[in-house]
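Please read the following briefing alongside the sequence and the coordinates.

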Amino acid sequence: MERAVLFEKEDEEYRQGDFVFCRAEEGLPYIGLLLDITSPTELGPMASIQWMYRQDDIPDAQLRAQEEQLEMLLLPASMEILFSTHVDPAPTESVMQKATILFAMSDVKDDGDALKDDELLIRFRVDTQDSVLSRISTLKDNQMKVQVDELARRYPYENSVGDVARPKSPLSLPSMRSHELHLIQQHHLHPQQQHQHQHQH
């Protein structure tokens, strides 16, 4: 079934289920999944967006502890983001462009080398209450599992295999990928080294 068009911007159709970059007040753009159109406000037309989390949104010590518990390192923050169920409205005007987010339902053997520069990977879900990570392949919640399974079918990471991940050192790659740097430059935003993602719109 064809996904509904929610709005158009600069001759681009944005559909239900598209991932998008949204303008942040400073730092890297927010990343979200378009769910629906909501009632307009003084800010103009609004969209209901399910926000993905960057690794910087979680305290580093807590993230490292989660990696030990999961017995698998995350890929560098410029390559891997985290699935969440956090939903908030945002003005459609804040949408910058579509984002390519791919889902790996099993471990990644190739260190994410198959990712193109404009692609980001999701393997884990973050609980927004306690910042605990879990593999999206082991979700038990029926509603969330149905959503993730559908997204994984629509946006699969083709090089997923059932082997233990062997990620590069996070120090070997820049903190942002070139397409995100281009977005920041294009929209006259100011990147900062330690971006604190507050999901406020």
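Helices (H or I, at least four residues) and strands (E, at least two) are DSSP runs, numbered from the N terminus. Residues are numbered from 1 along each chain as its sequence is written. This is a predicted model, in which local features need pLDDT of at least 70 and side-chain atom pairs count only at pLDDT 80 or more, while totals for chains, interfaces and linings use all residues; side-chain values use heavy atoms, with hydrogens and water left out.

**Helix H1**
- Just after H1, Glu-71 takes a positive phi of about 60°.
- Within helix H1 (residues 60-70), Leu-63, Gln-66, Glu-67 and Leu-70 are buried, where buried means under 20% relative accessible area, exposed over 50% and partly exposed in between (1.4 Å probe, protein chains only).
- An α-helix has 3.6 residues a turn, so residues three or four places apart point the same way.
- Ala-61, Glu-68 and Gln-69 are exposed on the other side of H1, whereas the buried residues of H1 pack against strand E9 (119-126) and strand E10 (133-135), a contact meaning heavy atoms within 4.5 Å.

**Nonpolar cores**
- A nonpolar core is a set of buried Ala, Val, Leu, Ile, Met, Phe, Trp, Tyr and Cys residues joined through side-chain atoms within 4.5 Å.
- The largest such core has 28 residues, of which Phe-19, Phe-83, Ile-101, Phe-103 and Ile-122 touch the most other members.
- Two or more residues each come from strand E3 (19-22), strand E4 (30-41), E6, strand E8 (100-103), E9 and helix H2 (142-154), and H2 gives the most, with four residues.
- A second, separate core of 13 residues includes Ala-24, Tyr-30, Leu-34 and Val-95.

**Loop residue Thr-92**
- Thr-92 sits in the loop between strand E6 (80-91) and strand E7 (95-98), and Thr-92 counts as buried because its relative accessibility is 10%.
- Not counting residues up to four places away in sequence, Thr-92 touches Phe-7, Lys-9, Ile-37, Pro-45, Met-46 and Ala-47.

**Confidence**
- The mean pLDDT (the predictor's confidence in each residue, from 0 to 100) of the protein is 83, and 78% of its residues reach 70 or more.
- Among the elements of the protein, helix H3 (residues 178-186) has the lowest mean pLDDT (62) and E3 the highest (98).
- Over residues 161-175 the pLDDT is below 50, although this stretch has 35 contacts in the model beyond near neighbours in sequence.
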